[in-house]
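Hi,

Here is the structure I promised to pass on to you. Please have a look at it first, and then read my notes below.

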Amino acid sequence: MNDRVKSLNVVQYVTESLIKLGIKANLRGFCYIKEAIIIYPEVLYHNKTIKDIYAEIAETYNTNVISVERAIRTAIESAWYSNNINLSHDLFNFPYIIAERNPTNSELIAAMSEIIFMKTKPCCHN
């Protein structure tokens with residue numbers, strides 16, 4: 001599979017996963033979360049932080065870091081409080097995501113990124 005097809009599959013999978021989680025596609029935070037999930041592994045590789053992700057997204061969308069962080073938080077909160085918590089907990093079966101509260105921006109981005117890239121990476125056979 002070439003890189004372009006793989007990239008399109010990842011974007012499609014991220015989009016579908018966010019919609020399944022209950023994040024509305026018409027929210028600004030939806031685009032920001034999607035972008036953050038996709039670039040998260042590269043940022044980790046370069047020993048950067050979530051704030052660096054916000055800065056990169058802010059530059060891409062011609063806005064500021066505070067607006068990116070707030071839009072992501074708002075999208076997560078709106079989905080969390082209007083969605084079935086059990087579905088969310090099943091999707092994020094990670095010890096650092098607590099079912100009684102909505103995940104932080106960093107928790108959601110890290111968890112989604114890990115889940116998505118584990119499911120979309122090609123299997124290696126020796």
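**What is in the fold**

Starting at the N terminus, the elements of the protein follow the order α-α-α-α-α-α. That makes six helices and zero strands; helices (H or I, at least four residues) and strands (E, at least two) are DSSP runs, numbered from the N terminus. Before you go further, please note that this is a predicted model, in which local features need pLDDT of at least 70, side-chain atom pairs count only at pLDDT 80 or more, and totals for chains, interfaces and linings use all residues. Residues are numbered from 1 along each chain as its sequence is written, and side-chain values use heavy atoms, with hydrogens and water left out.

The protein has 126 residues, and 37% of them count as buried. Here buried means under 20% relative accessible area, exposed means over 50%, and partly exposed is in between (1.4 Å probe, protein chains only).

**The aromatic pair**

The partners are Y32 and Y61, edge-to-face, at 5.2 Å centre to centre with 65 degrees between the planes. Y32 belongs to helix α2 and Y61 to the loop between α3 and α4, so the pair ties together parts that are 29 residues apart in sequence. Y32 counts as buried because its relative accessibility is 5%, while Y61, at 36%, is partly exposed.

**Charges**

Helix α3 (residues 50–60) gives the largest share of the patch, three residues. E42 sits in helix α2 (residues 28–45) and counts as exposed because its relative accessibility is 54%.

How many salt bridges does a search of the whole structure find? The search finds one, a salt bridge being a side-chain nitrogen of Lys or Arg within 4 Å of a carboxyl oxygen of Asp or Glu. R73 forms it with E69, and the closest N and O atoms are 2.6 Å apart. Both residues lie in helix α4, four residues apart, about one turn of the helix. R73 counts as partly exposed, at 32% relative accessibility.

**Backbone in the loops**

Two loop residues are worth a look. N47, in the loop between α2 and α3, has a positive phi of about 55 degrees although it is not a glycine. With a relative accessible area of 73%, N47 is exposed. N62 is in the loop between α3 and α4, and its phi is near 55 degrees, again a positive value in a residue other than glycine. N62 is exposed too, with a relative accessible area of 71%.

**Contacts across the chain**

- R70, in helix α4, and G29 are 41 residues apart along the chain, and their C-alpha atoms are separated by 8.0 Å. R70 is partly exposed, with a relative accessible area of 43%.
- I39, in helix α2, and E56 are 17 residues apart in sequence and 9.3 Å apart in space, C-alpha to C-alpha. I39 counts as buried, at 11% relative accessibility.
- S106, in helix α6 (residues 105–120), and I72 are 34 residues apart along the chain, with 9.9 Å between their C-alpha atoms. S106 is partly exposed, its relative accessible area being 35%.

Terms used:
Rings of Phe, Tyr and Trp (its six-membered ring) pair if their centres lie within 6.5 Å; planes under 30 degrees apart count as stacked, over 60 as edge-to-face and the rest as tilted.
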